[in-house]
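Dear colleague,

I am handing over the structure we discussed, with the sequence alongside. My notes on what was found in it follow below.

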Amino acid sequence: MDFLYNFFISPFVQIADSPLFFVEVLTGGLLSGVMYSLVALGFVLIFKASGVFNFAQGAMVLFAALFFAGFIDKGVPWWGSLILTIGVMVLLAMTIERVVLRPLVNQPHIILFMATIGVTYFLDGFGQTVWGSSVRVLDIGLPQTPLEIGGVLVNKFDIIAAVVAGSLVAVLAVFFQKTRVGRALRAVADDHQAALSVGIPLKTIWAIVWTVAGLVGLVAGVMWGSKLGVQFSLAMVALKALPVLILGGFTSVPGAIIGGLIIGAGEKVAEVYWADAIGGGIEDWFAYMLALVFLLFRPQGLFGDKIIERV
Amino acid sequence: MLYREAGQFKTSYAADQQIFPILQDRVGIAVIAAIALGVLPLVATEYLTTTILIPFLVMSIAAIGLNILTGYAGQLSLGTGGFMATGAFAAYKLSTAFPDLNIVFVFLGSGVITAFVGVLFGIPSLRIKGFYLAVATLAAQFFLLWLFNKVPWFTNYSSSGVISAPPRAIFGDIMVTGSSAHYTAKYLFLLVFVGFLALAAKNLTRCHLGRAWMAIRDMDIAAEIIGIKPLQTKLSAFAISSFYCGIAGAAWAFIYTGSVEPLAFSIEISFKVLFMVIIGGLGSILGSFLGAGFMVLLPVILTNAPHILGLNIPVDMISHLEYMIFGALIIFFLIVEPHGLARLWQIGKEKLRLWPFPY
């Protein structure tokens, strides 16, 4: 009885009692969801263009953040380390394309997926061999102070993150829609063989996609790194991005954003209002359950391409 | 020359259908069984038994389980760790609730309980496919571990959260679980268990159920059209796979580590078992064993290699380097032989038919 009351009645009473606090929780959730979207974006880009489910995106986030923070610690100014890290990510993308993807062309998806898990292990080990495993503070001057908008307290940092994510999506949209390379990317995403037959260089395109995903990873790494500090647990952020991904659909950039918002808001609200009823620490699995419920109604995610199956 | 089927005639259906149709295979498996049962318990040291043989046997059960689901039925799952944890906690609850129950039935019972849990988390597979399903099974992984951490009933209200496996004996007084058991007894008990489970799995995949799994794997819509029911086929694959994973989890906790804790069954172990299945060979029982052996041996070799080579590397550096080499080796193996070690054995068999003659 107690449980039922705590589960079905008391949260709603709390919400009705102080709607302003609810709005605050909701905004906080939405904004933290944007951070998940940042990581999920990298997954979507690679899945769209090559059909590879890139588990290594989380490791790439950590890798980029480690190099960025490491260069800054070495005394390089932030713009200098940014350029250096971009260089590292480009090199990484080209290496992955050459060493991992090219020999595995035409293999089943599960083999490629496993290969990216191998890449994950490698990058985790490599980054920490070079830079050590201690926690690094990454301070690029982003404010952490709360800001009051219409009676609702919002963290300034979260707003900056949202702006960054928004502009990132805008840039990507322009890149995909308006540039020559973007058109080639969309062609490859539609059909590898058809793209090859009209003369699009598949290998170059893959290297570009992985570079772009690496740069998105860098942005995510800088944002997450300045929020949590640069450390090994940053790679675990990938596990948070997966439910965002299946909720929004593997193939949709807007889906990654909307999915992140839904997951972030749902997670925060559930944690604040329902954690008492079912016990704390639900953030590990709540997002997955939420995504699962959505998937039961739309098996390809909210915005994913409709799955057409023929015999 | 030595390894060929020439002159071996099948005169009955039974002979035609046996698991090892060639005499050389039967001799080989008999030799392996004799070494595992007769020689290894006598010569293996405690270190060898507890760090290699026992984890190898435990992980091969888990690998067979996942291979049934992913290799035979084509349902990608990342929830293996969660199901193993279910098995471990089910075995703990069963053995403490019924102290007189034989340990064999405790293990089987924990497998059955895990099978039910597996079916529950397998229901989404009827609608969700491919990588969407893989991510959805992560829900099982995280939710189950959280459940065992949070609900004190599972740990019998123990305050520390870490519980040691209760000691149990078979045949009256031979201890096989818990910390007081002798390592040889543990090993032999586990070996017999693995033998029966592997035989059962091999036969399952050869009967109509196994063929239905493979039909669903190869193309589920086509399989449905020729009259295979996806509901029963997919859920039975989840049930039987979880049964194996549950027993593996119970064996892990009761025989290998001797303590029941959710932390041991993290997502790392799900990936490890998936690696075993893929490196060993999807859709092959032999491959499950090869993959398990590879993945158990690799970390042991990597940890000891710098010591043997005489290199002096700081400890934390070693663990990072291990990660790197591990990842690189995985990629290397996938590139060299994407169909796994079982496929290498197939090729080797073809070569052995002629060897040492050129043709």
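To begin with a single residue of this predicted model, B:Thr70 counts as buried, its relative accessibility being 7%. B:Thr70 sits in helix α3 of chain B, which spans residues 46–72, and its side chain reaches the backbone oxygen of B:Gln75 at a distance of 3.2 Å. Once its neighbours within four places in sequence are set aside, B:Thr70 is in contact with B:Gln75, B:Leu76, B:Ser77 and B:Leu282, and also with A:Ile110 of the other chain.

That last contact leads on to the interface. Between chain B and chain A an area of about 4400 Å² is buried, and carbon and sulfur atoms give 81% of it. B:Phe131, B:Tyr132 and B:Trp146 together supply 18% of the area that chain B buries against chain A, which is more than any other three residues. In terms of residues, the contact takes 44 from chain B and 50 from chain A. Zero salt bridges are counted between the two chains, while four residue pairs are in polar contact, with both members at pLDDT 80 or more. On the side of chain B that touches chain A, at least two residues each come from α6 (130–150), α9 (220–225), α11 (267–280) and α13 (315–336), and the largest share, 13 residues, comes from α13(B). Sorted by class, this side of chain B has 35 nonpolar, three polar and six charged residues.

In another, the side chains of A:Lys240 and A:Glu267 meet at 3.4 Å, N to O, and the pair links distant parts of the chain, since A:Lys240 belongs to helix α10 (residues 237–248) of chain A and A:Glu267 to helix α11 (residues 253–278) of chain A, 27 residues apart. A:Lys240 and A:Glu267 are both buried.

In chain B, the side chains of B:Lys234 and B:Asp220 form a salt bridge at 3.9 Å, N to O, which connects helix α10 of chain B with helix α9 of chain B across 14 residues.

Not counting residues up to four places away in sequence, B:Ala250 touches B:Met84, B:Gly87, B:Ala88, B:Ala91, B:Phe107, B:Ser110 and B:Ile255.

Turning to the cysteines, zero disulfides are found over all chains. B:Cys207 counts as partly exposed at 27% relative accessibility, while B:Cys245 is buried, with a relative accessible area of 1%.

Finally, please look at the peptide bond between B:Trp355 and B:Pro356, which is cis, with omega about 5 degrees; B:Pro356 is found in the segment after α14 (341–354) of chain B.

With best wishes

Terms used:
Residues numbered from 1 in each chain as written. Chains lettered and ligands numbered in written order. Predicted model: local features only at pLDDT ≥ 70, side-chain atom pairs only at ≥ 80, totals over all residues. Heavy atoms only, no water. Contact = heavy atoms within 4.5 Å. Buried area = accessible area lost by both parts, 1.4 Å probe. Salt bridge = Lys/Arg side-chain N within 4 Å of Asp/Glu carboxyl O. Polar contact = N/O pair within 3.5 Å; in protein donor to acceptor, adjacent residues only side chain to side chain. Helix = DSSP H or I, 4+ residues; strand = E, 2+ residues; numbered from the N terminus. Nonpolar A, V, L, I, M, F, W, Y, C, P; charged D, E, K, R; others polar. Disulfide = S-S within 2.5 Å. Buried < 20%, exposed > 50% of the residue type's maximum accessible area, 1.4 Å probe, protein only.
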